[in-house]
Amino acid sequence: MNIWIAIAATAVGCYAVKLAGLLVPAGVLERPVVRRLAALLPVALLAALTAQQTFSDGQALVVDARAAGLAAAAVALILRAPFLIVVAAAVAVTAGVRALGG
């Protein structure tokens with residue numbers, strides 16, 4: 001029963017956030033600071049999620065093959081490689097490090 005309470009609370013919370021977004025006046029959304037924040041917020045959230053998934057294992061910090069894959073993806077991005085090449089480089093390096101026992 002606790003799971004259904006959590007699901008219902010999450011649904012109500014999501015609806016409340018959506019409603020709050022619709023109630024914000026248009027003038028507030030047109031401010032340059034708000035536009036800049038809205039453009040940068042998804043990038044920051046994805047970066048935080050990537051870091052959390054790469055460097056954590058439960059409650060511990062780890063540096064393993066995933067970190068090498070992330071580094072390879074970063075190098076490919078710096079070299080302005082297409083997205084599929086970035087993903088392929090990360091996968092190949094991660095698999096290579098794992099195969100070598102890392």
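The following paragraphs describe the fold, the packing and selected residues of a predicted model of one protein chain.

Residues are numbered from 1 along each chain as its sequence is written, and side-chain values use heavy atoms, with hydrogens and water left out. Because the model is predicted, local features are reported where pLDDT is at least 70 and side-chain atom pairs count only at pLDDT 80 or more, whereas totals for chains, interfaces and linings use all residues.

The protein chain contains 5 helices and 2 strands, these being DSSP runs numbered from the N terminus, with helices (H or I) of at least four residues and strands (E) of at least two. Read from the N terminus, the elements follow the order α-α-α-β-β-α-α. The radius of gyration of the protein chain is 20 Å, whereas a compact globule of 102 residues would have a value near 13 Å; the radius is taken over C-alpha atoms, and the globule rule is 2.2 Å times the number of residues to the power 0.38. Along the principal axes, the C-alpha atoms fill a box of roughly 55 × 45 × 25 Å.

Of the 102 residues in the protein chain, 11% are buried, where buried means under 20% relative accessible area, exposed means over 50%, and partly exposed lies in between (1.4 Å probe, protein chains only). The protein chain exposes about 8200 Å², and carbon and sulfur atoms supply 75% of this area; accessible areas come from the Shrake-Rupley method with a 1.4 Å probe, and for residues only the protein chains shown count as cover. Among contacts between residues at least 6 apart in sequence, 29% join residues at least 24 apart, a contact being heavy atoms within 4.5 Å.

Helix H1 (residues 2-23) includes Ala11. The 22 residues of H1 reach 31 Å from the first C-alpha to the last, close to the 32 Å expected at 1.5 Å a residue, the expected span being 1.5 Å times one less than the number of residues. H1 is hardly covered, with a count of 0 buried residues, and Ala11 is partly exposed because its relative accessible area is 47%. Between Ala11 and Leu46, which are 35 residues apart in sequence, the C-alpha to C-alpha distance is 23 Å.

An α-helix has 3.6 residues a turn, so residues three or four places apart point the same way.

Val86 lies in helix H5 and counts as buried because its relative accessibility is 6%; leaving out residues up to four places away in sequence, Val86 touches Ala73, Ala76, Leu77 and Ala81. The C-alpha atoms of Val86 and Leu19, which are 67 residues apart along the chain, are separated by 38 Å. Thr94, also found in helix H5, is buried because its relative accessible area is 15%, and apart from neighbours within four places in sequence, Thr94 is in contact with Ala65, Arg66 and Gly69.

Val91 likewise lies in helix H5, but it counts as exposed because its relative accessibility is 53%. Together with Phe83, Leu84 and Val87, Val91 makes a nonpolar surface patch of about 440 Å². Patches are made of residues with over 30% relative accessible area and no salt bridge, with like charges joined within 9 Å and nonpolar side chains (Val, Leu, Ile, Met, Phe, Trp, Tyr) within 5 Å.

The loop between H4 and H5 holds Arg80, which is exposed because its relative accessible area is 76%. The phi of Arg80 is near 60°, a positive value in a residue other than glycine. Most residues other than glycine have a negative phi, and most peptide bonds are trans.

The count of salt bridges comes to 1, a salt bridge being a side-chain nitrogen of Lys or Arg within 4 Å of a carboxyl oxygen of Asp or Glu. Asp64 and Arg66 form a salt bridge in which the closest N and O atoms are 3.3 Å apart. Asp64 is partly exposed because its relative accessibility is 28%, and Arg66 is partly exposed because its relative accessible area is 25%.
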